[in-house]
Amino acid sequence: MRTILVTGPGGAGRSTAAAATALTAARAGQRTLVLSTDPADGLGAALGTPTRQDPAELAPGLTAWRPSAAPSFGEELLRLQDWAAPALDLAGAARLDGEELTPLPGAEEAAVFRALRAAVRAPHDVVVVDLPPLDRALALLALPQQLRRYLRRLLPPERRAARALRPVLGRLAGVPLPTAALYETVERWDGELAAVEAVVADPATTVRLVAEPGPAATDALHTAATGLALHGLRVDTLLANRVLPEDTGSHWLAGAVAQQRKALADWAPYPVHEVPHLGREPRGGDDLAALAVPFDPAPPTPVTWSLTDRIAADGVLVWAIPLPGAVREELDLVRRGDELVITAGRFRRIVPLPSALRRCTVVGAGLRDGQLQIRCAPDPGLWPAK
């Protein structure tokens, strides 16, 4: 399944670009699903038909879905309330009813995760996701891996595997142990997060950036390039939206055209596709088709974090991590057991070390041509002797 995650700086026309991408894929014969949790339904406005809380076919081969956060949020909270019932009753707490529950901030993101998981199980060729603005989208895409790590730290898999021994262990230890319901809940959450993490990490998943050419967008894209690369996300296209023609015939638009041209020149390292300004907000299939947004069912070649053996020549293994836009002074590395904490500016990711590097010591690192190279020397006490 091809997954295209659409995001960009606020106000750049993300929903319109997502709608145009989905429509182009559907007209190319791909069974396409487009997702959005935008309460204002910008996606429906661009498509010319309001989207609903249930999947609905809006055009041949094109299904739109705006999942609501309310049902799943209420179900999870009520399930948690049932699990904590003894403690709540002991404290004299009043139970909540499903009718009085309203989603809290962050529930929309959970709805996106559930919809993505459901999309994997459905017969779609392409899924287009209308994500929030760039900063929120980056945090959202990093969330499944972070939450799974927290779950593993709070309740490790080996403890979950021993749940059948819980009554015996409880008597031996003399202290209450987590209930079976907690183990089941954690396993369910871990499975759901794993499914979403697999979609995000899939080689067929790419990010489509949407930005209106200008200085602010250039700064935002430069910063985002580092965050996307740190989380292993690839950009298939940068849609330069609302591009004015070079010859507008208007003197007062000349400055805006020049500013756009300068920004487009700065965006040369990206795979840029210019989307014309229609002189109006695109509405409906004809307008979306006029934008001529590209679609390629084959994703670009994956970017790999390569591991090079230089033990014979230099006595080290080198782990190369692409980090375009990273600044040397803003990089930080901390090893924690078999994990490496990588900080690049305001972005941070905790990644497991490759198995070979777990038996090594980090001896240095350097940033060269947008690539972080981490040098690791074998630990004689752990490295197999020849």
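# A guided tour of the predicted model

Start with strand β14 (residues 360-368) and strand β15 (residues 371-378), which pair in the antiparallel sense over eight bridges. This is a predicted model. Select Ala365 and look across to β15: the bridge partner is Ile374. Now move to the turn. β14 and β15 form a hairpin with two residues between them. Asp369, in that turn, has a positive phi of about 55°.

Next, select Arg359 and Trp383. Arg359 lies over the face of Trp383, 4.6 Å from the ring centre.

**A second hairpin**

Go to strand β4 (residues 62-65). Leu62 and Ala64 point one way, Thr63 and Trp65 the other way. Are these four buried or exposed? All are buried.

Three bridges join β3 to β4, and the two run antiparallel. Ala59 stands opposite Leu62. β3 and β4 form a hairpin with two residues between them. Select Gly61 in the turn: its phi is positive, about 80°.

β2 pairs with β4 in the parallel sense, over four bridges. Here Thr32 stands opposite Leu62.

**The aromatic pair**

How many aromatic pairs are there? The count comes to one. Select Trp305 and Trp319. Their ring centres are 5.7 Å apart and their planes meet at 65°, so the pair is edge-to-face; the cut-off for that class is over 60 degrees. The pair links distant parts of the chain, 14 residues apart. Trp305 sits in the loop between α12 (284-290) and β9 (306-310). Trp319 sits in strand β10 (residues 316-322).

Colour the two by accessibility. Trp305 has 22% relative accessibility, so Trp305 counts as partly exposed. Trp319 has 5%, so Trp319 counts as buried.

**A stop at Pro276**

Select Pro276, found in strand β8 (residues 272-276). Pro276 is partly exposed, with a relative accessible area of 35%. Then select Ala240. Pro276 and Ala240 are 36 residues apart in sequence, yet 8.4 Å apart in space, C-alpha to C-alpha.

**The largest pocket**

Show the surface and find the largest pocket, with about 910 Å³ of space. It is lined by 34 residues. Which of them are closest to its centre? Select Leu228, Ala229, Gly232, Leu233 and Arg234. The elements that give two or more residues to this lining are α6 (134-154), α9 (180-201) and α10 (215-230). The largest share, six residues, comes from α10. By class, the pocket lining has 21 nonpolar, eight polar and five charged residues.

**Two cavities**

Now look inside. The count comes to two cavities of 30 Å³ or more.

The largest cavity has a volume of about 40 Å³. Select its lining: Gly13, Thr16, Ala17, Val210, Leu239, Asn241, Val275, Leu291 and Val293. α1 (14-27) and β7 (235-243) are the elements that give two or more residues to this lining. By class, six lining residues are nonpolar, three are polar and none is charged.

The second largest cavity also has a volume of about 40 Å³. Leu5, Val112, Phe113, Leu116, Leu131, Leu140, Leu141, Val196 and Val200 line the second largest cavity. Two or more residues come from each of α5 (107-121), α6 and α9. α5 gives the largest share, three residues. What is the class make-up of this lining? It has nine nonpolar, no polar and no charged residues.

Technical notes:
Residues numbered from 1 in each chain as written. Predicted model: local features only at pLDDT ≥ 70, side-chain atom pairs only at ≥ 80, totals over all residues. Heavy atoms only, no water. Phe/Tyr/Trp six-rings, centres within 6.5 Å; stacked < 30°, edge-to-face > 60°. Buried < 20%, exposed > 50% of the residue type's maximum accessible area, 1.4 Å probe, protein only. Lys NZ or Arg CZ within 6 Å of the ring centre and 35° of its normal. 1 Å grid on protein atoms, 1.4 Å probe; cavity = no way out; pocket = protein on both sides within 12 Å on 5 of 7 lines; lining within 4 Å. Points joined across faces, edges and corners; volume = space filled by probe spheres on them. Nonpolar A, V, L, I, M, F, W, Y, C, P; charged D, E, K, R; others polar. Pairing = 2+ DSSP bridges.
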